[in-house]
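User: I am new to this structure and would like to learn how to read it feature by feature. Could you take me through it, giving the general idea before each case?

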Amino acid sequence: MWQTCLTGLTGLTLVVLLLGATAQTAQVETQQNRWIPEELEDELRVKVVFNREAIFFKLQFTSVEGIYHDYLRYEGGSWVTTRGSSPGIHPDRLYEDRVSFLLDDGSVRHFATQGGYITIHEEMRFLANQAPRADVQRVLGQDDVRKYLPETRRTADWRSLRRPEELEELRQSGVFLDLWQWRAHRSDPVGFADDNWVFEYRNADQGKSPFADNWHRDTQQPRFMYDIQKVGFQALTWEDVANHRLSKRDLYYLTPEIAVPFDPNHPWQEGDTLPRRLVQMPEGSRGDIRAHSQWQNGVWDVELRRALDPGHALDDKSLKPKRVYHIAFAVHKNSTGSRWHYTSFPYSLGLDTDADIVAQRFEGQAPPWEEMPWQTIPLFYPGQVTWTFLTSDAHAGKAGIEEGRPCASCHTVAEMGKYAVEHELKEQILPRWYLTVAGGMLFVLGIAVAGARLVQGQR
Amino acid sequence: MEARQAFHAITAALTTGMLALVFFAVLTTLVAAARADRYRRLAPYADGAATLGASLGILFLLAALVTGFAQWPWEAYLHSPIGKNKIFTALIALMCWAGFLWLRWKAGDQLWRDRRLVTLATFLALVGFAYIVFTNSIGGHIAGKPSGFERLVMAVGIDTRRTFTLPTWGSALLILLGLAGIAWGVLPSRWRRPSPP
């Protein structure tokens with residue numbers, strides 16, 4: 001009796017386990033802007049200090065040396081451009097590393113609790129439901145929809161842009177996010193980070209950009225090439241670029257100081273390669289953030305410095321001692337751009353006052369980095385979760401958001417990446433889940449009913 | 001909202017308590033029925049407790065499902081992996097206990113005398129109880145009070161933060177097997193066997 005029971009129980013358990021072992025989540029789709037990284041979590045290490053004039057950030061993250069970004073290659077008698085931003089890892093692995101953060105002084109609603117999610121909306125660039133270009137050009141005069149604040153729209157639709165006078169009033173009252181972006185290729189070679197701000201769009205600060213286009217659309221040729229008198233060559237080789245043979249010490253970039261106007265009559269060779277960006281000294285508000293970086297043993301060490309008050313109240317958030325601000329980080333690595341980054345929950349940043357991240361005050365010019373402990377900021381893949389979704393009935397935490405509860409009060413970092421993937425693949429997962437529920441229920445019921453019949457048969 | 005949460009907590013606790021009692025009653029019946037000594041007399045009492053307890057447990061479970069569905073909009077459940085997993089485990093538990101009762105109702109006292117039926121009934125009770133514990137564990141997480149049980153589940157490779165799904169062929173196989181079992185169990189004998197000439 002016991003042996004039979006045991007054998008039967010073991011058999012049934014094995015059937016259940018076997019079916020369980022074949023359980024899987026939906027396969028990743030690369031179409032419709034869907035690409036999911038293998039690692040859903042990462043981390044960033046941070047130190048922050050300030051003195052009388054400036055605030056200093058030291059940021060550290062692991063990555064391959066992502067210094068390459070957009071090149072022009074001589075191929076078959078003409079110049080071709082490598083692909084720009086693309087879903088997931090760049091096909092030629094030519095996309096720069098970036099570390100960035102959004103900063104606010106409490107003016108933007110929900111940023112302190114929900115962080116960068118408030119800037120992500122349906123139909124944005126590289127979402128599966130990306131808005132048609134013609135629509136965006138008609139409404140915004142841009143090619144695509146990028147980060148914006150909910151306050152700048154009348155409804156959840158990106159098309160419902162507020163009137164210019166309403167927008168101006170909001171901006172004047174400080175309702176915008178400061179966006180600092182360190183770019184390994186497009187700003188770092190000249191010792192700067194890009195200075196942007198998010199409001200009705202992801203805008204660049206006033207002034208000269210740290211990078212310009214080295215591609216002449218009319219002639220379909222580069223605008224500049226290397227100055228052979230200064231660097232000893234006129235172009236890089238595709239072999240070196242494609243195989244990542246250059247390092248941070250090499251000239252993987254082009255600046256005005258080492259460039260001369262492009263010579264179309266030069267006997268260009270197959271595989272000659274030029275950077276598609278001319279990296280230059282930024283000016284005005286765009287050049288507020290100084291940067292210095294090192295890459296060693298797979299780790300980026302980035303130092304950023306900006307005046308506490310850069311004097312551009314409509315582009316930047318000025319910082320004051322003893323005040324608390326809010327900050328949310330992002331890291332682009334492994335040759336990925338646009339939304340394929342790792343993001344953090346929002347944190348409070350206190351300048352010599354209690355907060356999640358405390359910026360310590362120091363006297364003098366050189367930050368005492370060695371005396372400061374690192375603070376680890378967990379990062380996660382955010383997927384295609386939008387503010388529209390988070391504030392809808394489809395998100396169980398909608399009420400929590402309205403009550404001002406932070407996302408970290410309901411979710412762990414480990415969950416965020418997994419939930420992002422589930423959200424991204426929901427159209428594939430849901431039908432399969434319905435089938436699994438039906439299959440499980442019918443199977444259990446079926447064996448019970450069949451078992452009962454067995455008894456009747458014996459009777 | 002708080003009232004809805006309280007009602008769900010009450011019905012879920014009643015379900016768990018009742019079905020835990022049933023599970024131990026089943027084990028007691030199983031052991032008692034297999035013995036030849038005086039403890040054998042325990043079997044009918046334990047069987048009665050299991051049957052009554054399972055009936056009440058199913059009612060509480062249905063009430064827990066109703067109060068559970070009232071917590072969030074349906075759309076929110078479909079967008080929540082953990083919410084979907086909780087629905088799945090609750091429904092499997094419901095089916096296990098419904099199957100157990102069906103078996104007991106059809107087999108009567110003979111249930112504990114037939115080795116195959118004892119195996120099946122014990123299996124249904126075991127899996128049904130395990131799924132109830134699992135459901136409660138997920139519920140604890142949703143309520144912000146995660147239990148250690150989920151860590152145990154995750155340690156064996158089951159990730160409760162991802163929707164439980166089988167490959168389509170797996171689900172189709174289960175549906176076919178289930179339907180075949182139900183058909184074989186409920187269709188009259190003459191439909192399954194040709195009448196003698």
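Analyst: Let us begin with the division of a chain into domains. In this predicted model, chain B is divided into domain 1 (2–165) and domain 2 (168–197), and the C-alpha centres of domain 1 of chain B and domain 2 of chain B lie 26 Å apart.

User: What is the mean pLDDT of chain A, and where does pLDDT stay under 50?

Analyst: The general idea is that where pLDDT is low, the predicted coordinates should not be read in detail. Chain A has a mean pLDDT of 92, with 92% of its residues at 70 or more. The stretch to treat with caution is residues 24–30 of chain A, where pLDDT stays under 50 and for which the model has 15 contacts beyond four places in sequence. Chain B averages 88, and 94% of its residues score at least 70; among its elements, helix α8 (residues 189–192) of chain B has the lowest mean pLDDT, 56, while helix α3 (residues 74–78) of chain B has the highest, 95. For the complex, the predictor gives an ipTM of 0.91 and a pTM of 0.89.

User: How many helices and strands are there in chain A, and what box do its C-alpha atoms fill?

Analyst: Chain A contains 10 helices and 23 strands, and its C-alpha atoms fill a box of roughly 100 × 60 × 50 Å along the principal axes. Of the contacts in chain A with a separation of 6 or more, 72% are between residues 24 or more positions apart. Buried residues make up 41% of the 459 residues in this chain.

User: Which residues have the most contacts inside the largest nonpolar core?

Analyst: As a general idea, in soluble globular proteins nonpolar side chains tend to be buried together. Here the largest nonpolar core has 66 residues, and those with the most contacts inside it are Leu44(A), Leu177(A), Val198(A), Ile327(A) and Phe329(A). Strand β19 (residues 324–332) of chain A gives the most to this core, with six residues. A second, separate core of 60 residues includes Leu442(A), Ala450(A), Ala90(B) and Leu124(B).

User: Taking one of those residues, why is Leu177(A) called buried?

Analyst: A residue counts as buried when 20 or more other C-beta atoms lie within 10 Å of its own, and Leu177(A) is buried because it has 27 of them within that distance. Leu177(A) sits in strand β6 (residues 177–183) of chain A. Not counting residues up to four places away in sequence, its contacts include Leu102(A), Val108(A), Phe111(A), Trp197(A) and Val198(A). Val198(A), with its own sequence neighbours left aside in the same way, is in contact with residues including Leu102(A), Tyr148(A), Phe176(A) and Leu177(A).

User: How many residues of helix α4 of chain A are buried?

Analyst: Of the nine residues of helix α4 (residues 164–172) of chain A, the number buried is zero, so this helix lies largely in the open. Just after α4(A), Gly174(A) takes a positive phi of about 90°.

User: What is the order of the open sheet of four strands in chain A, and which strands stand at its edges?

Analyst: The order is β4-β3-β15-β13 (chain A), with antiparallel pairing. β4 (78–81) and β13 (236–237) of chain A stand at the edges, each with a single partner strand, so one side of each is left without a neighbour in the sheet. Strand β3 (residues 71–75) of chain A pairs with β4(A) over four bridges, and Leu72(A) has Thr81(A) as its bridge partner.

User: Finally, how many residues does each chain bring to the contact between them?

Analyst: Chain A brings 48 residues and chain B brings 55. On the side of chain A, α1 (2–21), α9 (413–424) and α10 (426–458) each supply at least two residues, and α10(A) gives the most, with 27 residues. By class, this side has 28 nonpolar, 13 polar and seven charged residues.

How values were computed:
Residues numbered from 1 in each chain as written. Chains lettered and ligands numbered in written order. Predicted model: local features only at pLDDT ≥ 70, side-chain atom pairs only at ≥ 80, totals over all residues. Contact = placed C-beta atoms within 7 Å. Nonpolar A, V, L, I, M, F, W, Y, C, P; charged D, E, K, R; others polar. Buried ≥ 20, exposed ≤ 12 C-beta atoms within 10 Å, placed from the backbone. Core = buried A, V, L, I, M, F, W, Y, C linked by C-beta atoms within 7 Å. Domains from an automatic or database assignment. pLDDT = per-residue confidence, 0-100. Pairing = 2+ DSSP bridges.
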